Amino acid sequence: MRKTEKSYAQEERRYGKQGRLAPSSTTNLRHDRWPRADIIADIEFPLNKLLQGSAAGCAFMRWLVEDQKFGDHIPRLFGKPEREGGYRLRLHVFYAWMWDIVRIRWFALGTGAEGADVLGKNVAQTSVGFGVYTHPGLLLAPSEMATPNRKKDDPAAYDISTRPIRLQITSDTFRQAREWMTKCLETHEGCPKPDRTMPTRLVHLVNTPDNPRVILCETNNLTNPVPYVALSYCWGGPQPLTLLTSNHSTFLTTGFSLSSLSQSVRDALHTATALSITHLWVDSLCIIQDSQDDMAREIASMPLIYRNAHVTLKASRAPSSAAGFLSDRPEADPPHLAFKLPYRGSNAKLGSVILLSQEHEHADEPLDNRAWALQERILSPRVLDFATRHVGWVCRGSRWWTDGWRKSIDYNSKLRDIDHDVFHREFPDEEARVAAAREMKGGSVIEHWRYLLQGYTHRELSIPKDRILAMSGIAETYGAVFRDQYLAGLWRFAIQSELLWCLGYKSPRGPRPGDYQGPSWSWAAVSCYVDYFHALGIRHTDSSGVLELADYQHALESEDAPYGAVKWAHLTVNARMREAWWMRGSLEPTISRHDELRMPGVEGQGPGKKLSGTIIPDALEEEFIRSDPVDHLPVHLLEVAHHGFPDSYSSRGLVLRRREDGLYSRLGFFELYRGASIFEDCLVQAITIA
């Protein structure tokens, strides 16, 4: 028996042992396509059949009666024996083809005069999501997906594309990956193709039988460009081999043995060879790790490096480079619920599908928590993803192809919109590019940027000061579309709403970083989750923004990285500002929900009248966590924008502290309800924030 077939048999036996796959002779899912190609079925049968099916051992009907407490309603509905056949159970089944997810709703219907009191009412209703798959015998090539092999596949495979988890990565996996890549490069008009731009360096596998090794290749010495694969992976600690100034010449001449590489890099070389590609770009071996100048140049080139790769290998499942990503997958734990049901598809043939409760979905992959990996994924037109439960292909022209299991949340519509609007949009001429920039500034693309940024700040960085640098490739791509100045993490054209970022919901809040990460007014300055909820409704095209940007001064860490880290940055704005007191509402430093703002007291002595509003601190300030903490701080409230109707709008802005050098630093965000009155007697002034 082939290994892949064996894995299917093991899965069938595993669920069978749980007693969850008992087939139903009375429940039959039918196919009916809507114009959007989603599948809907409405199934009805008498309630007495529900009891009979449950008693006969149908696991699905037993679950309806017992686990869903549907049976609790039966005595009331069956008040008289003669009514027993007068009530029906209706199942409303919705199947979303893009993600292979089934949602089931059910409710009772009454008939006749005596049933009028429950007719159409949701006597017992719920909505439960299931993953759904069916069994094939062989992997399917893209050309075979529309017309599955009837001899090998369950007839339901004509409609259902998800397959059981394959426990081994085999030659069939690589064969299919080659077909995916070829199909994308040759037939997908919407997927960018590699141009002649090459990375500075690539590694090349010299696979001699007696001494296989890797050699570094300086691409400016190549006569013609070569195809290459890029790798996105978790380092997980120090690497066994990195490119350094001391080993650069050795790497170029004799190279290093495969045994000196991490397992993930070896797996990447093996995969590239299986794809008939001889060169690999991997950061640890293609960037001189002890040269700040080289790192700055190469990081600034990442958009081109990933864009021009034939494919990016995404080692999602590997928590570290030592683990690799080609080993056998562990068997999954049995799901809480699994049912095997008959299914009659659009080909009119009777097959079967397996429904799994969605806690069977795997949690986030290790690579999904790595900050650098976000831009590596977003900047790549083609991704071959080695995940915990599948090998998958992602490109704009694909329907999330996999070698079996499909995880529903990997490819959502918002990400596809971002790809189209920014990363894969082509412009015929400069006039079209300028028009597109104008359109995108006035549209929703800034929200797309913030959507990515919010997700990015939930990810982990080994070096916290890389916070702005690890987002620089995405920022550069947006900058080319916006044609706007990037202010250490913020966009100039939307400066009012950009300044209104705040600490995200449930974000851990700690002290300010010891090392400088960015100016205090930028999200890069603190290590927390960022949220732009309070920027909603603040449009840069109307008068809701009352702050005006007067000047921006800064010094870059590297002139080769204009979207990277800054040594310092000052923002000068014209706005109204007044003094206030920040009162701590709890002695517990991590709790800020009881904090409040107050007006200064008479003649500025102590706190006065409480202001109705909210304060969200950016960090735990030193005064609040030292051994003799204070319970209040004198602060300044800088008005940034209004929100709401003119007679009842709120004021939103920044909580600032005046420094000894006369500059200001940001401490947090505030919103005052009906707060304009406290600024009415304030003059607009120039304030410089560091």
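**Entry 1: the whole chain**

I began by noting that this is a predicted model. I counted 17 helices and 30 strands in the chain. Next I looked up burial: of the 690 residues in the chain, 55% are buried. I also checked how far apart in sequence the contacting residues lie. Among contacts with a separation of 6 or more, 69% join residues 24 or more positions apart.

**Entry 2: helix 5**

I picked helix 5, residues 171–187, and compared its length with what its residue count predicts. The 17 residues should span 24 Å at 1.5 Å a residue, and the end C-alpha atoms are 24 Å apart, so the two agree.

Then I asked myself which residues of helix 5 are buried. My list reads Asp172, Thr173, Phe174, Gln176, Ala177, Trp180, Met181 and Cys184.

What do the buried residues of helix 5 pack against? I found helix 7 there, along with strand 11 (311–314), strand 14 (383–386), strand 15 (391–394) and strand 16 (401–402).

**Entry 3: cysteines**

Cys184 was on my helix 5 list of buried residues, so I moved on to sulfurs, using the 2.5 Å cut-off for a disulfide. How many disulfides does the structure hold? The count came out at zero.

I looked at two cysteines in detail. For cysteine 395, the closest cysteine sulfur is that of cysteine 184, at 3.8 Å, which is too far for a bond. Cysteine 395 is buried, with a relative accessible area of 2%. Cysteine 502 is in no disulfide either, and its nearest cysteine sulfur, in cysteine 528, is 8.7 Å away. Cysteine 502 also counts as buried, because its relative accessibility is 2%.

**Entry 4: the largest pocket**

I turned to open space and noted a volume of about 1100 Å³ for the largest pocket. It is lined by 36 residues, and those closest to its centre are Met295, Trp372, Ile463, Asp466 and Leu469.

Which helix supplies the largest share of this lining? I found that helix 9 does, with five residues. Helix 9 (292–300) and helix 11 (371–378) each supply at least two residues. By type, I sorted the lining of the largest pocket into 18 nonpolar, 10 polar and eight charged residues.

**Entry 5: enclosed cavities**

My search of the whole structure turned up nine cavities of 30 Å³ or more. The second largest cavity holds about 60 Å³ of space. I wrote out its lining: Ile299, Ala300, Pro303, Leu469, Ser472, Gly473, Glu476, Asp560, Ala561, Pro562, Tyr563 and Gly564. Helix 9 and helix 15 (472–482) are the elements that give two or more residues to it. Helix 15 gives the most to this lining, with three residues. The lining of the second largest cavity divides into seven nonpolar, three polar and two charged residues.

**Entry 6: alanine 272**

I went back to helix 7, where alanine 272 is found. Is alanine 272 buried or exposed? At 2% relative accessibility, I put it down as buried. Leaving out residues up to four places away in sequence, alanine 272 touches Val229 and Ile277. Alanine 272 and valine 229 are 43 residues apart in sequence, yet their C-alpha atoms are 6.4 Å apart in space.

**Entry 7: two positive phi values**

Last, I checked backbone angles, bearing in mind that most residues other than glycine have a negative phi. Serine 276 is not a glycine, but its phi is positive, at about 65°. Serine 276 sits in the loop between helix 7 (263–274) and strand 10 (279–281). Its relative accessibility is 60%, so serine 276 counts as exposed.

Alanine 488 also has a positive phi, near 50°. I located alanine 488 in the loop between strand 17 (486–487) and strand 18 (490–491). Alanine 488 is buried, with a relative accessible area of 4%.

Conventions:
Residues numbered from 1 in each chain as written. Predicted model: local features only at pLDDT ≥ 70, side-chain atom pairs only at ≥ 80, totals over all residues. Heavy atoms only, no water. Helix = DSSP H or I, 4+ residues; strand = E, 2+ residues; numbered from the N terminus. Buried < 20%, exposed > 50% of the residue type's maximum accessible area, 1.4 Å probe, protein only. Contact = heavy atoms within 4.5 Å. 1 Å grid on protein atoms, 1.4 Å probe; cavity = no way out; pocket = protein on both sides within 12 Å on 5 of 7 lines; lining within 4 Å. Points joined across faces, edges and corners; volume = space filled by probe spheres on them. Nonpolar A, V, L, I, M, F, W, Y, C, P; charged D, E, K, R; others polar. Expected span 1.5 Å × (residues − 1).
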